[in-house]
Amino acid sequence: MKSKRSINFILQEGGIGLILIFIVIIFALTAPRFATLLNFTNIMQQISINTAISVGMTFVILLGGIDLSVGSVLALATILAGKVLITENMSIPAAVVLSALAGIGVGMLCGLFNGFVSVRWKIPPFIVTLGMMNIARGAALQISNSRTIFGFPTSFNKFGTVNLFNVLPSIFLIALALVIIGHFILKYTVFGRMIYAIGNNEEAVRLSGHNTAIYKIAAFAFCGFTVGVAAIMYMLRLNIASPILGTGFDMNAIAATVIGGTSMSGGKGSMVGTFLGACIIGVLNNGLLLIGLGDNARQIVTGFIIIFAVVIDTYRVKFANRTE
Amino acid sequence: MKKMNRILGFVLVAVLLLGVISPVAAQDDKPVVGVVLKSLANEFFKTLQEGAEAWAKEDGRYTLDIKGMNSETDIDTQLSIMDTFISQGVDMIILAPADSSALVPSVVKAQAAGIPVVNFDVRLDAEQLKANGLEDFLFVGPDNEEGAYLAGMALAEKIGEGGKVFIIEGNPGADNAIARKAGFDKAVAEGKLELLESSTAHWETEEANALVANLLTKYPEVQGIMCANDSMVLGAQKAVEAAGRDDIQIVGFDNIAAVQDLIKQGKALATVDQFGADMVKMAIEVGQKIIDGEIEPLGWEKTPVKLITIEDLE
């Protein structure tokens, strides 16, 4: 019994973890200065935002949906939060709290909208979130008049570069907290179990008398929430808010989720897998540069490794099915 | 219900059509200048648009119809904007092409319809022009290479001969990215600097931040960073700061407000202003001269580029 469980673990989260460890060892042996605490701190800093977004993305993909609007919504959330943060005549703690509420609030609202529209009119999330991608981007440009917002309070900026024990960046801890919350919800709450069930067979869940709509809308709202948090993390890390940021963030989050073993058709996947997926992308980005690959070679190799990881995953699934 | 939807549809289409037609209907008899911009999401073009509108209002001779899109690479939208201007029969078109080759046939079409076109900001491709029967075509715009060279030399003077630098490039293939890289390279050669690495961050703040952080790990000995635009300066500067380094000089390009702020704080060394608002004004004036037959539409009318350092901002 125990050995069956450990085999299952390796076949689930463990498999992608082994790939990550393998990549880390290769870089540690070949890339100068890769295996240093300073560099690991750097990598953690760099994967934080993608990790946060991927937590929400995992919820949506587990339902069999997708969210293409995360990058634009992130930009809109930074603009609103940024505007609040530089409001004059407000004490800094009040401004920071209101700013965080504004950013997270607008993220959740956009998520609610995505979820509600796609559920109410049975529109594929692909289309609804594509629409939201344009709405949020346009709104961000309009509100900011296409300008970068800067000049945040010094204490706010400082917090973004603080490292716990000199190793763990503050924004990485926020991302980690989101991963833990996401993991907890998926594993131990009705909401979480419903997401898997709906992703596997929505009709069956509906026929057994459950209201699937509310869970689906909640999943999109949760995704919006993580994007809102990611927006505040962006501001902490780069000390600006910009209407043009976030292009490509959607694809990075989808990649992290899928590399982490979540099935695009829904119902299968885990939060730990997603986190490991985000780690793999970050480590590749960093390591390939350190071993001295040029821009184009880096892009090609990253592409191959993403495909390779997912191909390996199909074997894992086959094997897991056989052992069941 | 179905009928209702259909009526709603008609109303919607009618409203959309009105939206397209009304700017033309509202114009008086001033000559209309169609201005085709690249991305209005880009702070540089936004400044350029506002400057041009303010100038047109003050000058009073022209009605400007400024159109752009929300992405730097949306070539299709530019092509359809060109078509719209041609069928509206505007008096002059001022064009900042999103792609230096793809827009050439549109330019030929406009010229054939008797609408003079002035090419500004990014120069149309010489070979593509030749293939379409135009030997040379007047270009009004900044010398991006010269601007980058000025910024690069400012950095070279600050860190001295043998100084070790990175170049953070713009989008691979973009004309201004290529020109700015050439300018930086020239400064590296002339200032006898050592180029440790030249890599792209696609004009992006966050990407530049990650790239520079990783490069700092690889080459802690670096002394200066040349960024092909100011958005990337913002990311590079944060990476330098996060690494606890205050001995690294950074230069950029575009002169955006956020980087002016960094220069004032001594966290960035210099940037380059290319006076976007003046560029449109110059292009229109040159276009007027062509209409009046005063000049031949050939050659390169250079617009100013200026190095901006702390002295310019105080």
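The axes of helix H4 (residues 92–120) and helix H5 (residues 125–144) of chain A approach within 9 Å and cross at roughly 145°. These axes are lines fitted to C-alpha atoms, for helices over the stretch in contact, and angles run from 0 to 180 degrees between N-to-C directions. Helices (H or I, at least four residues) and strands (E, at least two) are DSSP runs, numbered from the N terminus. The passage of H4(A) across H5(A) is right-handed; a crossing is left-handed if the near helix is turned anticlockwise from the far one by less than a right angle, and right-handed if clockwise. From H4(A), A:Cys110, A:Phe113, A:Asn114, A:Val117 and A:Ser118 meet A:Pro125, A:Val128, A:Thr129, A:Met132 and A:Ala136 of H5(A). Contact between two residues requires that their C-beta atoms, placed from the backbone, lie within 7 Å. By class, this contact has seven nonpolar, three polar and no charged residues. Ala, Val, Leu, Ile, Met, Phe, Trp, Tyr, Cys and Pro count as nonpolar, Asp, Glu, Lys and Arg as charged, and the others, Gly among them, as polar.

The structure is a predicted model, in which local features need pLDDT of at least 70 and side-chain atom pairs count only at pLDDT 80 or more, whereas totals for chains, interfaces and linings use all residues. Residues are numbered from 1 along each chain as its sequence is written, and chains are lettered from A and ligands numbered from 1 in the order in which they are written.

Chain A and chain B meet in a contact that takes 27 residues from chain A and 24 residues from chain B. On the side of chain B, the elements giving two or more residues are helix H2 (43–59), strand S7 (194–200), helix H8 (205–218), helix H9 (230–242) and helix H10 (257–264). H8(B) supplies the largest share, eight residues. The residues on this side of chain B divide into nine nonpolar, eight polar and seven charged.

Chain B contains 12 helices and 12 strands. Of its 314 residues, 48% are buried; a residue is buried if 20 or more other C-beta atoms lie within 10 Å of its own, exposed if 12 or fewer, and partly exposed in between, with C-beta atoms placed from the backbone. Among the contacts in chain B with a separation of 6 or more, 75% join residues 24 or more positions apart.

Chain B is divided into domain 1 (30–137 + 275–303) and domain 2 (144–273), the bounds coming from an automatic or database domain assignment. The C-alpha centres of the two domains of chain B lie 30 Å apart. Their contact takes six residues from domain 1 and five residues from domain 2. The side of domain 1 that touches domain 2 has three nonpolar, one polar and two charged residues.

B:Gln274 lies in the loop between strand S10 (271–273) and helix H11 (276–291) of chain B. This residue is buried, because 23 other C-beta atoms lie within 10 Å. Not counting residues up to four places away in sequence, B:Gln274 touches B:Pro142, B:Gly147, B:Thr303 and B:Val305.

Helix H6 of chain B (residues 144–159) has 16 residues and should span 22 Å at 1.5 Å a residue; its end C-alpha atoms are 23 Å apart, which agrees. The expected span is 1.5 Å times one less than the number of residues. Buried residues in H6(B) include B:Gly147, B:Tyr149, B:Leu150 and B:Met153. Just after H6(B), B:Gly160 takes a positive phi of about 80°.

B:Trp203, with phi near 65°, lies in the loop between S7 and H8 of chain B and counts as buried, with 25 C-beta neighbours inside 10 Å. B:Asp254 has a positive phi of about 125°; its place is in the loop between strand S9 (249–251) and H10 of chain B. B:Asp254 counts as buried, with 24 C-beta neighbours inside 10 Å.

B:Pro220, in the loop between H8 and strand S8 (224–227) of chain B, is exposed, because 11 other C-beta atoms lie within 10 Å. B:Leu64, in strand S2 (residues 63–69) of chain B, counts as partly exposed, with 19 C-beta neighbours inside 10 Å. Not counting residues up to four places away in sequence, B:Leu64 touches B:Val33, B:Val35, B:Ala52, B:Glu53 and B:Ala56. The C-alpha atoms of B:Leu64 and B:Glu53, 11 residues apart along the chain, are separated by 7.2 Å.
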